[in-house]
Amino acid sequence: MLVQIYPKSCFNDLAVIGGNPAFNVPLHVGRPNIGNRVEFIQRINAVLDSGWLTNQGGQVAEFERRVAEMTGAKHCVAVCNATIGLGIVAKALGWSGEVIMPSLTFVATAHAMQWMGLTPRFCDVDPETRTLDAREVERLVTSRTAGILGVHLWGRPCDVEGLSAVARRYGLGLIFDAAHALGCSYRGTSIGSFGDAEVFSFHATKVANSFEGGAITTNNDDLAGRIRLMGNFGFRGMDNVVDLGTNGKMSEVSAAMGNVSLGSLEGFIASNRRNYELYRNILATQPGLSIVAFDRSERNNFHYIVVEIDEEQTGLDRDSLLAVLRAENVLARRYFWPGCHKVEPYRSLPAYAGLRLPVTEQILSRNIVLPTGTAAQEEDVIMVCKIIELAISNAGAVRSAVCARDPLPVDA
Ligand code: T4K
């Protein structure tokens, strides 16, 4: 697809002022990375020829083996998506009561627990890691707490050690939402073998995708068995239903895509890394803008380019910058604004009335996630940076121009 770029050299070129949008097709956050198409078609033909389309076929078996190998986990169970995967893990652990988790996450993390009849207990995050603050978690532990659910947000690992210590002290379960963290490490060990289990997403928008899909990893033999059972209606053998279960299976077509994606993962990460360095180098010169860093001593997938804007220093608020970018057809996102505690059903439940999470709320009022991945070329990144620079260096005029336009739609 040809993405035409209209040059932007001065303030008047900005689309928010009336210029042409920089891109004639939208530049998305979360454009899928597509691996080797020929291999994908070959795999699909093999699936069709085999007459085996789902229920633990060859593609799924290969996918599970590869994910276990790359994460170093003893077991991997493929699932239809990470949301179902999280619910299955909670059920397999026998959780009931409250689950301590961040509000600073995609709403699926909270919904997965609420859907299982568990109560999310939203906890603030550490301002440095932007993941669960272990001291805050400990403060929230009560006799109702079933477990802790950490999220390796934007591929940056949780304080695994701190959370594990709290879990051990109170005899709690600990699981990690690793939806963003394929290919990442914590203290040199791959994400995938921490806590009782970790759950990856292979959604289309993730660094490696299987259209829709997820993978649960664990080192616990018993738990792995229960997870597999519960993801397949509770069947042990052909006619033997031994437990409550659901349908959490991944199809062969999804697994085929997953296998192709895993084969190209290094290349996807290299594109992300190139884009990240470019964004960082260019935007680092802008006072009041910072890019959430990746720890260079760890393995990262560089999949979420998160920029934080300081309104006092730049003179520009986050939503005005977002409006400028969207006018240029750069569909940047406010992941995960406004936070789970501020969306339904949580915000209307008495348990969450008046809940304040100051660090979470501050982070979510300042951040923008920018496009990356194989679909974002170097010249696209340079153009996005140029738009941001022009907006900030003309902050006052940009604010007036944005005010004169329609506000961001509610679902923007
Ligand atoms: N935990 C965390 C921390 C998560 O981030 C997620 C999912 C989960 C759990 C649950 O995992 P899964 O159950 O999905 O496996 C998207 C994804 O739907 C969601 O999977 C993902 N996180 C989240 C971060 O992003 P939305 O509501 O932003 O989706 P949407 O439709 O707005 O698409 C995002 C962008 O990607 C758009 O700019 C369009 C673009 N896109 C999307 C698709 C599907 C494409 O260009 N092509 C595509 O095929 O949630």
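Guide: A crossing of two helices is right-handed if the near helix is turned clockwise from the far one by less than a right angle. What you see here is a predicted model, and in it helix 8 passes helix 12 in a right-handed crossing.

Visitor: Why are helix 8 and helix 12 called roughly parallel?

Guide: Look at the angle. The axes of helix 8 (residues 252–283) and helix 12 (residues 378–393) cross at roughly 30 degrees, coming within 10 Å. Angles under 35 degrees count as roughly parallel, and helix 8 and helix 12 therefore get that name.

Visitor: Which residues of helix 8 and helix 12 meet?

Guide: From helix 8 it's Arg274, Asn275, Leu278, Tyr279, Ile282 and Leu283. They meet Glu378, Val381, Ile382, Val384, Cys385, Ile388 and Glu389 of helix 12. Sorted by class, this contact has nine nonpolar, one polar and three charged residues.

Visitor: And what makes helix 1 and helix 8 roughly antiparallel?

Guide: Again, the angle. The axes of helix 1 (residues 37–50) and helix 8 come within 9 Å and cross at roughly 150 degrees. Over 145 degrees counts as roughly antiparallel, so helix 1 and helix 8 are described that way. Helix 1 passes helix 8 in a right-handed crossing. Helix 1 brings Glu39, Phe40, Arg43, Ile44 and Val47 to the contact, and helix 8 brings Glu252, Val253, Ala256, Met257, Asn259 and Val260. The tally there is seven nonpolar, one polar and three charged residues.

Visitor: Why does one side of strand 11 have no neighbour in its sheet?

Guide: Three strands form that open sheet, in the order 11-12-14 and with antiparallel pairing. Strand 11 and strand 14 (367–370) stand at the edges with a single partner strand each, so one side of each is left without a neighbour in the sheet. From one strand to the next, the twist averages 30 degrees. Strand 11 and strand 12 pair over three bridges, and serine 290 stands opposite glutamate 308 in strand 12.

Visitor: Why is valine 324 called buried?

Guide: Buried means under 20% relative accessible area. Valine 324 comes out at 0%, so buried is the word. Valine 324 sits in helix 10 (residues 318–327), a helix that lies across strand 12 and strand 14. Leaving aside neighbours within four places in sequence, valine 324 is in contact with Leu14, Val16, Ile387, Ala391, Val398 and Val402.

Visitor: What about asparagine 300: how do you know whether to call it buried or exposed?

Guide: Same test. Its relative accessible area is 7%, and under 20% means buried, so asparagine 300 is buried. You'll find asparagine 300 in the loop between strand 11 (289–291) and strand 12 (305–309). Beyond neighbours within four places in sequence, asparagine 300 is in contact with Gly183, Cys184, Ile269, Phe294 and Asp295.

Definitions and conventions: Residues are numbered from 1 along each chain as its sequence is written. This is a predicted model: local features need pLDDT of at least 70, side-chain atom pairs count only at pLDDT 80 or more; totals for chains, interfaces and linings use all residues. Side-chain values use heavy atoms; hydrogens and water are left out. Axes are lines fitted to C-alpha atoms, for helices over the stretch in contact, and angles run from 0 to 180 degrees between N-to-C directions. Helices (H or I, at least four residues) and strands (E, at least two) are DSSP runs, numbered from the N terminus. Angles under 35 degrees count as roughly parallel, over 145 as roughly antiparallel, 65 to 115 as roughly perpendicular and the rest as oblique. Contact means heavy atoms within 4.5 Å. Ala, Val, Leu, Ile, Met, Phe, Trp, Tyr, Cys and Pro count as nonpolar, Asp, Glu, Lys and Arg as charged, and the others, Gly among them, as polar. Buried means under 20% relative accessible area, exposed over 50%, partly exposed in between (1.4 Å probe, protein chains only). Two strands pair if DSSP finds at least two bridges between them.
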